[in-house]
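Student: I would like a close look at one part of this model. Please take it step by step and then set it in its surroundings.

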Amino acid sequence: MNWESFDAFLAMGGYGFYVWGSYAVTFALIAMEVVLLRLRGREIMNQLIRAERPRRSAP
Amino acid sequence: MSRPSEAAQSPRPSFGGRINWFKYSSPQSFFPLAGAAIPWFAAAAALFCVAGLYVSFFVAPTDQQQGEAYRIIFIHVPAAWMSMFIYLVMAFWAGAGLVFNTRLSGMMASALAPTGALFTFVALWTGALWGKPTWGAWWVWDARLTSELILLFLYFGFIALTAAIDDPRRADRAAALFALVGVINIPIIYFSVQWWNTLHQGASVSLTRAPTMAATMFAGMILMALGFWMYSIAAAFIRVRCIILERERNTEWVAEYMREQR
């Protein structure tokens with residue numbers, strides 16, 4: 001085990017800003033991409049559902 | 001989705017037992033295949049990343065020279081690998097689209113570009129946060145850093161070019177040509193630390209030599225790289241399914257898929 005306490009873990013030997021700044025931004029960007037992909041999928045599905053309705057009412 | 005694909009219906013002569021690879025090159029047959037694969041790649045990504053983060057913070061020892069600042073390596077190097085690897089895969093699909101004129105190829109290339117740009121940005125960002133405490137500078141115009149920045153602009157150029165041309169097939173061809181010209185940048189990034197006298201350190205891991213680092217550090221990097229790799233496949237498959245639906249919205253198979261959805 002590398003860390004004596006949770007504070008030591010957060011401090012990263014004085015490099016906490018750089019280490020956590022790297023990890024936080026990386027995983028925030030990945031989370032953002034996942035959200036954007038979900039929104040894009042929902043958007044095209046909604047468009048397809050809207051486009052389908054008039055076609056179904058036609059004879 | 002049990003209907004045979006367009007390619008399978010066409011009277012292409014099939015010799016005994018030979019696999020018709022073009023069968024899966026139609027968006028219609030790839031769509032359900034990608035859909036079934038996504039949960040597996042997503043689960044693998046999560047598992048590798050959790051294991052990688054554990055090894056990175058709790059197993060890998062403190063570096064003798066750089067202290068804890070070196071722990072940035074566990075995302076910096078895998079992100080940089082993925083930024084180059086995704087570009088090569090993207091250029092492969094772009095080239096395949098030009099040669100075989102298959103619709104899916106351009107869609108795959110377009111689906112990979114944003115994720116590739118993401119990892120390129122992550123490599124640059126984590127590099128800046130690593131450079132400041134170790135070199136004393138967020139950024140230097142070093143061959144490695146500059147060529148990686150050019151890679152980010154190549155991704156942006158590819159995305160912008162695809163978005164700027166209305167006809168998707170023409171956009172694919174133009175962007176494919178652009179992507180293929182840009183491939184020259186990949187060996188420049190990779191060998192920049194050998195060809196030029198760079199501030200950026202040489203490779204700690206290479207295909208031809210044993211890694212010059214502790215085994216646990218190496219394991220952390222490999223686990224994170226596998227996690228990013230699996231994530232990239234999952235993200236690209238989700239995006240390619242969006243693109244397929246967007247482009248094929250007026251086809252009969254999409255209408256049938258929508259009927260099945262309710």
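Which residues does B:Ile243 touch, not counting residues up to four places away in sequence?

Tutor: B:Ile243 touches B:Met107, B:Ser110 and B:Ala111, leaving aside residues up to four places away in sequence. Keep in mind that this is a predicted model.

Start with the residue itself. B:Ile243 sits in helix 8 of chain B. B:Ile243 is buried, since 20 other C-beta atoms lie within 10 Å, and the cut-off for buried is 20 or more. The residues it touches fall in helix 4 of chain B, which covers 103-135. Two of them, B:Met107 and B:Ala111, count as nonpolar. B:Ser110 counts as polar.

Helix 8 of chain B covers residues 215-247. At 1.5 Å a residue, its 33 residues should span 48 Å. The end C-alpha atoms of helix 8 are 47 Å apart, which agrees. Helix 8 of chain B is also mostly covered, with 24 of its 33 residues buried.

B:Phe228 and B:Ile243 are 15 residues apart in sequence. From C-alpha to C-alpha, they are 22 Å apart in space.

Helix 3 of chain B, residues 73-100, packs on helix 8 of chain B at an angle of about 45°, and their axes are 8 Å apart. Helix 3 and helix 8 of chain B are therefore oblique to each other. Their crossing is right-handed.

Helix 3 of chain B has another partner. It packs with helix 6 of chain B, residues 168-182, at an angle of about 130°, with the axes 9 Å apart. Helix 3 and helix 6 of chain B are therefore oblique to each other too. Here the crossing is left-handed. Helix 3 of chain B contributes B:Met90, B:Ala91, B:Ala94, B:Gly95, B:Gly97 and B:Leu98. Helix 6 of chain B contributes B:Asp172, B:Arg173, B:Ala175, B:Ala176, B:Ala179 and B:Leu180. The residues of this contact divide into eight nonpolar, two polar and two charged.

Between helix 3 and helix 4 of chain B runs a loop, and B:Asn101 lies in it. B:Asn101 has a positive phi of about 55°, although it is not a glycine. Most residues other than glycine have a negative phi. B:Asn101 is exposed, because 12 other C-beta atoms lie within 10 Å and exposed means 12 or fewer.

In the interface, 29 residues of chain B are in contact with 23 residues of chain A. On the chain B side, helix 3, helix 4, helix 8 and helix 9 (252-261) each supply at least two residues. Helix 4 of chain B gives the most, with nine residues. By class, this side of chain B has 19 nonpolar, four polar and six charged residues.

Of its 59 residues, 12% are buried. A:Met12 is found in the loop between helix 1 (6-11) and helix 2 (16-57) of chain A. A:Met12 is buried, with 20 other C-beta atoms within 10 Å. Its phi is near 50°, a positive value in a residue other than glycine.

Last, step back to chain B. Chain B has nine helices and zero strands. Of its 262 residues, 39% count as buried. Take the contacts in chain B between residues at least 6 apart in sequence: 73% of them join residues at least 24 apart.

Conventions. Residues are numbered from 1 along each chain as its sequence is written. Chains are lettered from A and ligands numbered from 1 in the order in which they are written. This is a predicted model: local features need pLDDT of at least 70, side-chain atom pairs count only at pLDDT 80 or more; totals for chains, interfaces and linings use all residues. Axes are lines fitted to C-alpha atoms, for helices over the stretch in contact, and angles run from 0 to 180 degrees between N-to-C directions. Helices (H or I, at least four residues) and strands (E, at least two) are DSSP runs, numbered from the N terminus. Angles under 35 degrees count as roughly parallel, over 145 as roughly antiparallel, 65 to 115 as roughly perpendicular and the rest as oblique. A crossing is left-handed if the near helix is turned anticlockwise from the far one by less than a right angle, and right-handed if clockwise. Two residues are in contact if their C-beta atoms, placed from the backbone, lie within 7 Å. The expected span of a helix is 1.5 Å times one less than its number of residues.
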